[in-house]
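Here is a short report on the fold of one protein chain. Keep the sequence and the 3D view open while reading.

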Amino acid sequence: MTDSQPSSGQYSQPADDPAAEGRVRAAVEGGLPSTIADLSRLVRIPSVSWSAFDPAHVRASADAVAGLLRDTGVFESVEVTQAPIDGEQLGQPAVLATRAARNGRPTVLLYAHHDVQPPGSDDDWNTPPFEPTVRGDRIYGRGAADDKAGVMAHVASVRALVEALGPDFDLGLAVFIEGEEEFGSRSFANFLHENRAALAADVIVVADSDNVDIDTPALTVSLRGNVTFRLTVSTLEHASHSGMYGGAAPDAMLALVKLLATLHDDRGEVAVDGFLSYDDAAEPPHLSEEQFREEAALLPGVTPIGSGPILSRMWSKPTITITGIDAPTVANASNTLLPSAAVRLSARVAPGQPAAEAYAAIERHLRAHAPFGAHVDISDVDTGEAFLVDTAGWAATEAKRAMTDAWGNEAAETGIGGSIPFIADLVREFPDAQILVTGVEDPDSRAHSPNESLHLGVFKRAILSEALLLARLDRREA
């Protein structure tokens, strides 16, 4: 690309080059040990991007990723940079690497993120969260899957491309490794705007999703949006003796629990007027309740919630989850009526509904259903848009073909219950780019949870898929 606006021209599919693709396969296989070693070094850096954690670790992680990209020897520029969130506040360090396309070839933007979720309690991990540990065919550690494996999939695929084709290939490359995806991508839109010319591409590969299982690759074609905020319910000016005033004065916890109970019906489905399902979704593949119970780790006797096909509940319907609560611990509980209690509420928004519309519906519901005249305060609101992929473009066809060839099984088109809100920013900034959402995870990866892990076979096949895709796009002409 020589301009900041991606080309919208049509491309003809060139003939495959079996000899070159054989070299790509050999390069991925031969480079796998060093790729896993580099992944392990990244996992050892506790790059938690949340504000309560040391930002020096995120900077160290960005520097390490930048070093890996520089070492490929093919990028004209590699830098660690930050963009503003608002005013003078800067987001976490991101890595930006660029290489201009030559001879009319397309440009591909490779995205992943190097920051990670907090590890939680070490007691919940079988091995230390930031000490990568291989057991069987999996490597365990925070970020081993989400998303430092995505980072290394990009690095390894570029390495394989260089080894197979030499450093003078014509394909244009841009690499954007974000540093605050797990903290809401708050500087993302500004980063895109400030670096628009460097990031402009015909195809954008977002390596931050899931696969059907360890044997079946997936191209993610739908993602739910999200709404998160802090909800505080208050009923008293100060704590009061529960024996003296209990039974007449409503405590905040009672009011909060009653209010939260109104968010769902008896089946566990969201009961908020104006919170919509995605009614135009295609019938999802069948997932048995037995398989779902195993993958979701339901305890014996616990039943699934909602109605309809299980995958449609996770792909096409909204959810509301309480992910945290501020209240006295059981160990520190005293016999008092609580004046205030707060929760963190996380909602998933079905594709097709704007996140702001969903937030407005939840806010109306909470204020209308507050019991006993309790005071409701909502703060720290974040929203992210849902995403639907247009799979009619040539890039999706090429990606699925590469996946099928790398995995030996046909690639599936899947929805994901999670959210990647920044994709809406990519669509807005680069409306002509084709966006491919791929990933290195599988149902047992436990991203965000204790004992997060990466299946090494999936990792290898994901790298090979991307390397084959890049090699084939290097032969495309506008």
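Strand β1 (residues 77-81) pairs with β4 in the antiparallel sense, over 5 bridges. The model is predicted. Ser-77 has Thr-98 of β4 as its bridge partner. β4 also pairs with strand β8 (residues 172-178), again antiparallel and over 5 bridges. Here Thr-98 has Ala-174 of β8 as its bridge partner.

Is β4 enclosed or open? All 6 of the 6 residues of β4 (residues 94-99) are buried, so the strand is largely enclosed by the rest of the structure. In a regular strand, side chains alternate between the two faces of the sheet. In β4, Ala-94, Leu-96 and Thr-98 point one way. Val-95, Ala-97 and Arg-99 point the other way, and they too are buried.

**The chain as a whole**

The chain has 13 helices and 20 strands. Its radius of gyration is 24 Å, close to the 23 Å that the globule rule gives for 478 residues, so the chain is as compact as a globular protein of that length. Along the principal axes, the C-alpha atoms fill a box of roughly 85 × 45 × 45 Å. Buried residues make up 52% of the 478 residues. The chain exposes about 20500 Å², and carbon and sulfur atoms supply 50% of that area. Among contacts between residues at least 6 apart in sequence, 81% join residues at least 24 apart.

**The four-strand sheet**

An open sheet of 4 strands runs in the order β13-β15-β11-β16, with antiparallel pairing. β13 (319-326) and β16 (375-384) stand at the edges with a single partner strand each, so one side of each is left without a neighbour in the sheet. Neighbouring strands are turned by 20 degrees against each other on average, direction ignored. Strand β11 (residues 225-234) pairs with β16 over 8 bridges, in the antiparallel sense. Within this sheet, Thr-228 stands opposite Asp-382 in β16.

Which helices touch this sheet? Helix α7 (residues 252-261) lies across β11, β13, β15 (340-349) and β16. Helix α10 (residues 355-369) packs on the sheet and touches β11, β13, β15 and β16.

**The three-strand sheet**

Another open sheet has 3 strands in the order β6-β7-β20, and its pairing is antiparallel. Its edge strands are β6 (133-135) and β20 (453-455), each pairing on one side only. The twist averages 25 degrees from one strand to the next. β6 pairs with strand β7 (residues 138-140) over 3 bridges. Val-134 has Ile-139 of β7 as its bridge partner. Helix α13 (residues 456-473) packs on this sheet, touching β6, β7 and β20.

| Helix | Residues | Reference strand | Angle |
|---|---|---|---|
| α7 | 252-261 | β11 | about 150 degrees |
| α10 | 355-369 | β16 | about 165 degrees |
| α13 | 456-473 | β20 | about 65 degrees |

**A covered helix**

How many residues of α3 are buried? The count is 15 of its 18 residues, and α3 is mostly covered. Helix α3 (residues 148-165) reaches 26 Å from its first C-alpha to its last, close to the 26 Å expected at 1.5 Å a residue. Gly-166 follows α3, with a positive phi near 90 degrees.

Notes:
Residues numbered from 1 in each chain as written. Predicted model: local features only at pLDDT ≥ 70, side-chain atom pairs only at ≥ 80, totals over all residues. Heavy atoms only, no water. Pairing = 2+ DSSP bridges. Helix = DSSP H or I, 4+ residues; strand = E, 2+ residues; numbered from the N terminus. Axes fitted to C-alpha atoms, helices over the stretch in contact; angles between N-to-C directions. Contact = heavy atoms within 4.5 Å. Rg over C-alpha atoms; globule rule 2.2 N^0.38 Å. Buried < 20%, exposed > 50% of the residue type's maximum accessible area, 1.4 Å probe, protein only. Areas by Shrake-Rupley, 256 points an atom, 1.4 Å probe, with all protein chains shown as cover. Expected span 1.5 Å × (residues − 1).
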